[in-house]
Amino acid sequence: MPVYRTNGNAVAGGQAVGILLLDYKGPFVPGDVGNASSYDYPVVFRTVPKATSKRVFAGDPELEAAVIEAAKALEAEGVKGISSDCGYFVNYQEAVAKAVKVPVYLSSLLQLPFISACIGRDRPIGVICANSRSLGNRVLEMTGLGAEREVLIQGMQDEPVFGSSVTGDCLQLDPDVIEAEVVGVARRMQRDRPNLGAILIECSMLPPYARAVQDATGLPVFDFLTMIDFHEKAAHRRSYGE
Amino acid sequence: MALHRRRPSAESYGHAIGILVLETSMPFVPGDVRNAGTYGYPVLYRSIAGISRADCIAAAPKFAELVIAAARALEAQGVKGIVGDESALAVFQDQVREAVRVPVCLSGLLQLPTISRTLAPERPIAILAPRAADVPAALLTRPDISVPNPIVICGMENQSEFRSAVLEARDTLDSDRIEAEAVDVARRLRAEHSDLGAVLLEGAMLPPYARAIQRAIDLPVYDAVTMIDFLQVATHRERYIGYY
């Protein structure tokens with residue numbers, strides 16, 4: 001066993017990944033980035049004060065200091081990676097990566113270059129997000145994805161239940177109904193573009209439905225949790241059996 | 001249970017990932033891409049007959065046909081992703097991904113952009129390879145691999161046990177000695193580049209030492225196995241059964 005030192009900044013030891021949260025109190029069902037039981041390893045959450053979805057979507061520069069402060073507090077607790085529960089935190093990706101030493105992966109979209117490298121050149125990537133009106137090329141460019149890859153962006157804003165509940169402040173949420181809505185969106189994307197190569201579920205509230213989307217489409221499905229699991233494994237390497 | 005269909009070309013079912021391998025032979029220790037116990041899920045290996053590492057580097061079209069045929073055979077068996085055991089196969093990445101419908105990752109270097117984005121662009125990323133020459137400059141400038149971070153390439157070719165057991169393909173291999181050699185190389189890398197952000201182990205035979213390297217230098221360590229696990233997770237999603 002190595003030697004362990006007291007860490008006055010930590011309430012508890014052993015937190016693998018730190019997750020920045022929007023200032024939002026939705027129900028976070030299992031599979032949601034904001035649900036601790038979505039992970040096979042311990043994570044620690046930290047709300048960024050006054051980080052409303054509106055400000056984060058817009059990349060409000062006045063919020064940057066608070067995002068960095070929360071990330072530094074997570075790093076001080078001992079986490080080996082920092083993620084978030086809203087892909088638009090990508091607006092602060094560079095600033096946070098400069099401010100801490102551990103890997104920072106604030107948006108599921110950061111997986112796009114890898115997905116693009118492993119599927120055929122002419123196959124589009126389908127991105128399912130909460131609201132396609134606010135996810136534009138500017139955000140895609142931040143991910144480092146080459147311009148030659150076609151990306152189809154489909155929002156959930158017009159789905160009756162998701163659109164009316166989750167994007168506002170909701171008090172309850174029926175995952176079965178939302179699952180049917182997400183699967184419908186994915187099926188329509190694949191019907192319109194049968195050559196679809198992979199699906200990236202951008203929104204942190206939608207990984208609970210990744211399995212259903214995969215069952216419906218037969219495609220690789222990436223989301224926040226595939227990304228967080230990937231970087232967590234690289235930050236906490238395990239021994240291989242003897 | 002859903003309806004299952006017979007696949008005439010499948011000898012057995014349930015393999016998650018297919019692994020293309022060249023006809024090389026040496027001890028494949030736990031953690032090596034070519035040790036089936038490395039994975040938490042079943043993998044299926046397929047040798048590409050009649051092709052050597054040198055042939056891959058030459059990348060003659062007839063060899064591409066052999067690699068594509070092997071990849072198609074794996075796909076027909078039902079695997080949901082295809083990877084390779086040898087960095088030299090990376091030259092076939094584009095041809096193979098066009099030839100099959102499942103995602104293809106023939107080089108661990110494809111992780112570089114994803115790693116790069118997690119770090120400030122001025123922090124170096126180290127690539128530790130069996131031989132430094134295994135990481136050709138041409139591969140690093142591919143648009144889907146090239147990154148803004150400085151890349152530090154370091155080889156294991158001057159480490160005595162690694163050289164004689166792996167590079168000269170002896171029949172025995174002392175993994176404790178290779179681990180000590182790999183840790184030593186990684187410590188020197190870290191000492192020379194105090195701002196190092198991450199290490200990427202290139203090739204199939206270094207992942208067994210990833211944990212020891214990480215304990216010595218306290219940095220994220222990526223390799224072929226982190227990539228294969230990533231691919232497996234995305235192609236075999238599970239339901240989340242959690243708490244409140």
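**Group meeting: a predicted two-chain model**

Just after helix α8 of chain A, A:G218 takes a positive phi of about 70°. Helices here are DSSP runs of H or I with at least four residues, strands are runs of E with at least two, and both are numbered from the N terminus. Good morning, colleagues. This is a predicted model, in which local features need pLDDT of at least 70, side-chain atom pairs count only at pLDDT 80 or more, and totals for chains, interfaces and linings use all residues. Residues are numbered from 1 along each chain as its sequence is written, while chains are lettered from A and ligands numbered from 1 in the order in which they are written.

Let me stay with α8 of chain A for a moment. In α8(A), A:A210, A:A212, A:V213 and A:Q214 are buried. A residue is called buried if 20 or more other C-beta atoms, placed from the backbone, lie within 10 Å of its own; with 12 or fewer it is exposed, and in between it is partly exposed. The cover over the buried residues of α8(A) includes α7, β6 and β7 of chain A. Contact, here and below, requires that the C-beta atoms of two residues, placed from the backbone, lie within 7 Å.

I turn to chain A as a whole. Its secondary structure comes to nine helices and seven strands. The radius of gyration of chain A is 18 Å, close to the 18 Å that the globule rule gives for 242 residues, so the chain is as compact as a globular protein of that length. That radius is taken over C-alpha atoms, and the globule rule is 2.2 Å times the number of residues to the power 0.38. The C-alpha trace of chain A spans about 55 × 45 × 35 Å along its principal axes. Of the 242 residues in chain A, 50% are buried. Among the contacts in chain A with a separation of 6 or more, 71% are between residues 24 or more positions apart.

How is chain A divided into domains? The assignment gives domain 1 (17–107 + 228–235) and domain 2 (108–223); such bounds come from an automatic or database domain assignment. The centres of domain 1 and domain 2 of chain A, taken over C-alpha atoms, are separated by 20 Å. Domain 1 of chain A brings 16 residues to their contact, and domain 2 of chain A brings 17 residues.

Next, the sheets. In chain A, four strands form an open sheet in the order β5-β4-β6-β7, with parallel pairing. Two strands count as paired if DSSP finds at least two bridges between them. The edge strands of this sheet are β5 (151–155) and β7 of chain A, each pairing on one side only. From one strand to the next, the twist averages 20°. Strand β6 (residues 198–201) of chain A pairs with β7(A) in the parallel sense over three bridges, and A:L200 has A:F222 in β7(A) as its bridge partner. Helix α7 (residues 175–192) of chain A packs on the sheet, touching β4 (125–129), β5 and β6 of chain A, and its direction makes about 155° with that of β4(A). Axes are lines fitted to C-alpha atoms, for helices over the stretch in contact, with angles from 0 to 180 degrees between N-to-C directions.

Chain B has an open sheet of four strands in the order β2-β1-β3-β4, with parallel pairing. At its edges stand β2 (43–47) and β4 (104–105) of chain B, each with a single partner strand, so one side of each is left without a neighbour in the sheet. Strand β3 (residues 82–84) of chain B and β4(B) run parallel and are joined by two bridges; B:I82 stands opposite B:V104 in β4(B).

Some backbone angles deserve attention. Most residues other than glycine have a negative phi. A:K50 is not a glycine, yet has a positive phi of about 65°; A:K50 lies in the loop between β2 (43–47) and α1 (53–58) of chain A. Is A:K50 buried or exposed? With 11 C-beta neighbours inside 10 Å, A:K50 counts as exposed. B:D218 also has a positive phi, near 55°, and is placed in the loop between α8 (210–217) and β8 (221–222) of chain B.

Finally, the interface. The contact between the chains takes 43 residues from chain A and 40 residues from chain B. On the side of chain A that touches chain B, α9(A) gives the most, with seven residues.
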